[in-house]
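Subject: Structure handover

Hello,

Here is the structure I promised you. Please open it first, then read my notes below.

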Amino acid sequence: MYTVERQQHILQFIRNNKVVKLVTLTKEFNVSMETIRRDIQQLVQEKKIEKFYGGVKYIEPVEGLMDNRLTQQLTEKIAIAKACASLVDHGDCIFIDSGSTTYQMTPFLLGKEKLTVVTNSLPVAFDLIGSTIEVMIIGGRVRHSEKSVTSNDFLFRFDHLNINKAFICASGVTLEKGISDFSLEEAMTRKQLINISQTVYVATDSTKFNKDVAIQVCPLDEVDMILTDNGLPKETLQQFTEAGIKLEVVDI
């Protein structure tokens with residue numbers, strides 16, 4: 001087993017058990033104490049776990065600021081976003097949510113004709129201003145010429161929107177709980193869009209798998225496909241595939 005893969009398995013084991021002794025890890029992974037200490041030191045530096053005398057404990061993730069998340073796993077996010085954009089056809093009406101992965105879709109959409117983008121993301125809307133893409137922002141309509149939002153009553157009614165494809169981000173993805181997010185408001189918006197969209201894609205990098213954060217968005221049977229990067233551990237990929245979840249793994 002490669003070092004990176006072993007560290008991912010170690011992190012998963014610690015996440016599941018919350019607090020673990022180092023000697024337990026040596027037995028579980030059949031490696032020396034020296035090897036475990038090196039792996040633990042790497043995970044501590046990445047601020048994924050906290051070390052104490054003789055053991056470690058898992059650090060529950062918290063949602064970072066959007067500006068910070070835009071630079072994390074950037075290569076992976078761009079590759080995933082490009083794969084998402086390839087699923088968009090001319091004439092589609094799509095929803096792009098406010099995540100840092102789906103935000104990266106915008107430059108790959110500029111060649112699409114007669115495309116409508118519905119979004120709750122100001123950065124997505126701002127990036128598309130000046131293009132030929134029709135942009136509707138939840139709560140109003142973006143006017144390209146004035147860079148302003150004009151309100152119409154029907155735009156507040158989700159059931160009046162006809163979304164072909166929704167591209168949703170996730171802060172956590174598990175087989176048991178499905179898609180989850182830190183924010184109740186974001187989760188409620190995503191629930192609404194999932195309910196009215198013909199096809200639902202989840203765009204998320206491999207670090208979000210086997211994490212269950214505060215608010216459930218939807219179970220996985222409401223998702224048509226998950227797009228992620230090839231940093232996903234083989235064991236996790238196999239588990240999701242055997243459960244009937246359709247994944248597209250993008251090479252980095």
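Is Cys218 buried or exposed? Cys218 is buried, because its relative accessibility is 2% and the cut-off for buried is under 20%. Keep in mind that this is a predicted model.

Cys169 is buried too, with 7% relative accessibility.

Next, disulfides. A disulfide is a covalent bond between the sulfur atoms of two cysteines. The count here is 0. Take Cys169 as a case. Its nearest cysteine sulfur belongs to Cys84 and lies 8.0 Å away. A disulfide needs the two sulfurs within 2.5 Å, so Cys169 is in none.

Now the aromatic rings. A pair of aromatic rings is described by the distance of the centres and the angle of the planes. The structure has 3 aromatic pairs. Two of them are worked through below.

One is Phe167 with Tyr201. Their ring centres are 5.1 Å apart and their planes meet at 15°, so this pair is stacked. Phe167 sits in strand S9 (residues 163-168), and Tyr201 sits in strand S12 (residues 197-203). The pair therefore ties together parts that are 34 residues apart in sequence. Phe167 is buried at 0% relative accessible area. Tyr201 is buried at 10%.

Another is Phe209 with Phe240, and this pair is edge-to-face. The centres are 5.2 Å apart, with 75° between the planes. Phe209 is in the loop between S12 and strand S13 (215-218). Phe240 is in helix H8 (residues 234-242).

Best wishes

Terms used: Residues numbered from 1 in each chain as written. Predicted model: local features only at pLDDT ≥ 70, side-chain atom pairs only at ≥ 80, totals over all residues. Heavy atoms only, no water. Buried < 20%, exposed > 50% of the residue type's maximum accessible area, 1.4 Å probe, protein only. Phe/Tyr/Trp six-rings, centres within 6.5 Å; stacked < 30°, edge-to-face > 60°. Helix = DSSP H or I, 4+ residues; strand = E, 2+ residues; numbered from the N terminus.
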